[in-house]
Amino acid sequence: MGSADVSPQMAFARFVRRAIDDAREERGWTVTDLATHTGVGRSTVFRWLAGDWQDYPELAKVRGFCAALDLPVAAAFRALGLPDAGPVPRRRGAEDGPVEADVRVILERLADPNVPAEEKHHIRDLLRYLARRPVRRAG
């Protein structure tokens, strides 16, 4: 199975497992210590480790987890299959072109907790398909 075949749940579980192992080795932290320092509850940590989630983990919790452990948030977002910066905030006065506007809407939908997990799955599948599709040149 190649890395492209790894689900976001599996990739994020590996990221969290490495973070927990490092915190145990470097800081002597238990999962309870980790929960206390990161603000992410033990049950959430165990769900992340098990890959037991359908909707994306709350990005604020992921950011807090990474900040407390001095881990790059970009690495967590990559494990989740999200763009490094997460949802892109709208810059005041910035005029987006049509592509940027479409990408912004897609990122907002992927980050929106009210969008069903199945819909997010379809969006990601379509994006993967489009990213790998051969480019046909006119001519």
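**Overview of the model.** Helices (H or I, at least four residues) and strands (E, at least two) are DSSP runs, numbered from the N terminus. In this predicted model, local features require pLDDT of at least 70 and side-chain atom pairs count only at pLDDT 80 or more, while totals for chains, interfaces and linings use all residues. Residues are numbered from 1 along each chain as its sequence is written, and side-chain values use heavy atoms, with hydrogens and water left out. The protein has seven helices and zero strands, so that from the N terminus on its elements run α-α-α-α-α-α-α. Of its 139 residues, 32% are buried (under 20% relative accessible area; exposed is over 50% and partly exposed lies in between, with a 1.4 Å probe and protein chains only). Among the contacts (heavy atoms within 4.5 Å) with a separation of 6 or more, 51% join residues 24 or more positions apart.

Following α3 comes G51, with a positive phi near 70 degrees. An unreviewed UniProt entry places the feature "domain: HTH cro/C1-type" at residues 20-51, an annotation that may be inferred rather than shown by experiment. Over residues 20-51 the chain is 78% helix and 0% strand, and the end C-alpha atoms are 15 Å apart.

**Close-up of helix α4.** Spanning residues 59-68, α4 holds the buried residues L59, V62, F65 and C66, which line one face of the helix because they fall within an arc of 120 degrees about its axis. The exposed residues A60 and A67 are carried by the face turned away from this buried side. The packing partners of the buried residues of α4 are α1 (8-27), α2 (31-38), α3 (42-50), α5 (73-79) and α6 (98-111).

D70 lies in the loop between α4 and α5, and its phi, near 55 degrees, is a positive value in a residue other than glycine. Most residues other than glycine have a negative phi. With a relative accessible area of 63%, D70 is exposed.

**Close-up of the largest nonpolar core.** This core (buried Ala, Val, Leu, Ile, Met, Phe, Trp, Tyr and Cys residues joined through side-chain atoms within 4.5 Å) has 28 residues, and those with the most contacts inside it are F12, F15 and F65. Two or more residues come from each of α1, α2, α3, α4 and α5, with the largest share, seven residues, given by α1. Leaving aside neighbours within four places in sequence, F15 is in contact with F65, C66, L71, P72, A75, A76 and A79.

A pocket is an open set of points on a 1 Å grid over the protein atoms alone, where a 1.4 Å probe fits, with protein on both sides within 12 Å along at least five of seven lines; lining residues have an atom within 4 Å of a point. The largest pocket has a volume of about 580 Å³, the space filled by probe spheres set on the points. It is lined by 28 residues, of which P8, L80, G81, R124 and R128 are the closest to its centre. At least two lining residues are supplied by each of α1, α5, α6 and α7 (117-132), and the largest share, nine residues, comes from α7.

Note on methods: The arc is that of the directions from the helix axis to the C-beta atoms.
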